[in-house]
Amino acid sequence: MLHNPNHLYIFDTTLRDGEQVPGSQLTTPEKIIIGEALQALGVDIIEAGFPISSPGDFQSVVELSKVVREPIICALTRANKGDIDCAAEALKYAKRPRIHTGIGASDMHIKYKFNSTREAILERAAEAVKYAKQFVEDVEFYAEDAGRADNVYLAQMIEAVIAAGATVVNIPDTNGYCLPEQYGAKIRFLKENVKNIDQAIISVHCHNDLGLATANSLSGIQNGARQVECTINGIGERAGNTSLEEVVMALKTHYQTLGFQTNINTKQLYPLSTMVSRMMRMPVQANKAIVGRNAFAHSSGIHQDGVLKHRENYEIINPEDVGIDQSEIILTARSGRHALKHHLERLGYTIDRIDLDQTYQRFLALADEKKEIKDDDLLRLMGDEAETNFKNGVTISSLQVITGDQSDPQAIIKLNYKGTEREATASGNGPVSATIKAIESIIGSHNEIKEFNIHSIHGGSDDVSKVDMRVIHDNQSYMGYGFSTDIVRASANAYLDALNKFV
């Protein structure tokens with residue numbers, strides 16, 4: 001693993017440390033699905049579980065070892081022979097097995113957790129590594145609570161376990177205690193004071209109790225660590241672990257400064273985040289960096305205008321790089337004309353045909369009533385008063401439809417068209433057909449309707465229905481949208497909406 005000093009190894013512990021979150025336990029088949037996705041993502045090591053903890057965890061490590069073949073498969077143990085025996089048995093099918101063993105390094109843990117002494121703990125650490133080395137070549141040692149450990153004693157422990165055969169030494173900030181400068185200095189101290197440190201990779205494993213897990217991990221990397229232990233969405237004990245997606249995108253964004261590469265296919269980050277959130281029943285907070293719902297959403301008018309003019313004004317990451325199709329411009333009362341224009345154009349409206357100032361004022365009145373304006377709200381806004389939205393817009397003054405068994409349906413319609421009110425009557429094979437024919441007799445042209453869809457907005461007979469249709473005019477396609485509690489009126493509104501885009 002020491003061949004490339006500029007490669008940073010990604011050690012994913014979603015299936016072990018991440019799964020310790022209450023209510024987020026996974027079945028073995030679910031772990032395999034996530035494990036295969038992690039393999040496709042490009043992680044170097046997957047910590048598959050803690051085999052001695054339960055028969056289910058043991059079986060998950062066994063089955064993952066059989067299926068996931070590219071990454072190293074790692075199993076956690078405490079520093080005792082029973083745990084290590086169990087892990088070795090669980091890893092027997094792994095193509096590239098690793099045993100991850102360790103013990104507490106801080107005086108707090110030595111005294112209150114183990115009721116022991118520094119000397120005895122040092123001996124137990126080295127013995128655990130020697131014993132694990134009998135089963136696998138690749139042994140990682142964790143010095144639990146290293147973030148609060150005395151640096152000189154920690155250096156002695158790391159030197160002893162490397163001499164015993166450890167290939168990776170994990171320096172966890174188990175309680176999320178350190179500040180970035182402190183944690184980076186601890187890694188640097190080990191680099192400078194452990195004689196055999198060049199024989200092992202230093203790994204960082206940081207928790208987020210103070211919200212500093214990602215910052216601490218990056219500081220550790222800058223000071224000599226070459227493996228980072230993390231989880232998808234930053235899930236884990238208490239406030240969570242270092243977020244894989246945050247570290248990876250920080251390294252990518254600052255590659256010119258940091259110079260480290262990973263094997264991660266970043267376009268898989270958002271789909272995998274969504275999968276893990278769903279399967280582990282752990283919602284991702286909306287403002288979560290990289291994968292949160294609002295990570296690439298803009299609602300401030302100033303920001304929206306800047307993004308629409310040039311994305312990098314307010315985005316340092318291209319959303320496509322993490323598997324998100326595009327940024328989202330959220331329409332609210334704080335949105336400006338540029339954002340409204342963007343959404344209207346996206347919905348097929350030609351801005352030159354619209355009275356944007358009038359439409360914007362009506363938009364603001366609606367936005368003050370609602371927290372967020374959706375596409376259907378905009379479409380209704382554009383269809384309700386076409387004469388105020390469209391320049392020279394065509395609108396319905398009245399519509400009457402007669403249907404029955406004795407004759408074909410008949411529609412009588414009055415339109416405001418080219419500054420005058422005009423009336424027409426037409427028959428058709430249904431009430432909608434009759435209405436469209438009556439409109440066409442007034443405007444003097446026939447346009448083919450290619451698609452016609454009716455949707456209930458909320459459901460129930462009293463709710464508003466939406467009609468959308470695709471109208472062909474001069475070999476070009478125009479989408480029209482209409483809303484009404486009456487389906488015939490909604491259809492007429494949809495036809496006129498399309499019509500106003502080209503008449």
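Colleague: Which residue is the bridge partner of D12 in β8?

Modeller: In β8, that partner is C230, and V228 of β8 is the bridge partner of I10. This is a predicted model, in which local features need pLDDT of at least 70 and side-chain atom pairs count only at pLDDT 80 or more, while totals for chains, interfaces and linings use all residues. Residues are numbered from 1 along each chain as its sequence is written, and side-chain values use heavy atoms, with hydrogens and water left out.

Colleague: What makes β1 and β8 a pair?

Modeller: Strands are DSSP runs of E with at least two residues, and helices are runs of H or I with at least four, numbered from the N terminus. Two strands pair if DSSP finds at least two bridges between them. Strand β1 (residues 9-12) and β8 have four bridges, in the parallel sense, therefore they meet the definition. β1 and β2 also pair in the parallel sense, over two bridges; here D12 stands opposite I46 in β2.

Colleague: What kind of sheet do the strands from β1 to β8 form?

Modeller: They form a closed barrel of eight strands in the order β1-β2-β3-β4-β5-β6-β7-β8, with parallel pairing. Neighbouring strands are turned by 25 degrees against each other on average, direction ignored. Axes are lines fitted to C-alpha atoms, for helices over the stretch in contact, and angles run from 0 to 180 degrees between N-to-C directions.

Colleague: Why does N223 count as buried?

Modeller: Its relative accessibility is 19%, and the limit is under 20%, so the term applies. N223 is in the loop between α8 (213-222) and β8 (227-230). Leaving aside neighbours within four places in sequence, N223 is in contact (heavy atoms within 4.5 Å) with G184, I187, R188 and K191.

Colleague: How does the reach of helix α6 compare with the expected span?

Modeller: The expected span is 1.5 Å times one less than the number of residues. Helix α6 (residues 151-163) has 13 residues and reaches 18 Å from its first C-alpha to its last, close to the 18 Å expected. Among its buried residues are L154, M157 and V161, and the elements covering the buried residues include β5 (138-144) and α7 (180-193).

Colleague: Why are β14 and β16 said to stand at the edges?

Modeller: Three strands form an open antiparallel sheet in the order β14-β15-β16. β14 (448-456) and β16 (476-484) each have a single partner strand, so one side of each has no neighbour in the sheet. β14 and β15 (residues 465-473) pair over eight bridges.

Colleague: What is the volume of the largest pocket?

Modeller: The largest pocket has a volume of about 460 Å³. Of the 23 residues that line it, the closest to its centre are R16, L76, Y142, E144 and T174. A pocket is an open set of points, on a 1 Å grid over the protein atoms alone, where a 1.4 Å probe fits, with protein on both sides within 12 Å along at least five of seven lines; lining residues have an atom within 4 Å of a point. Grid points are joined across faces, edges and corners, and the volume is the space filled by probe spheres set on them. β4 gives the most to the lining, with three residues.

Technical notes
Buried < 20%, exposed > 50% of the residue type's maximum accessible area, 1.4 Å probe, protein only.
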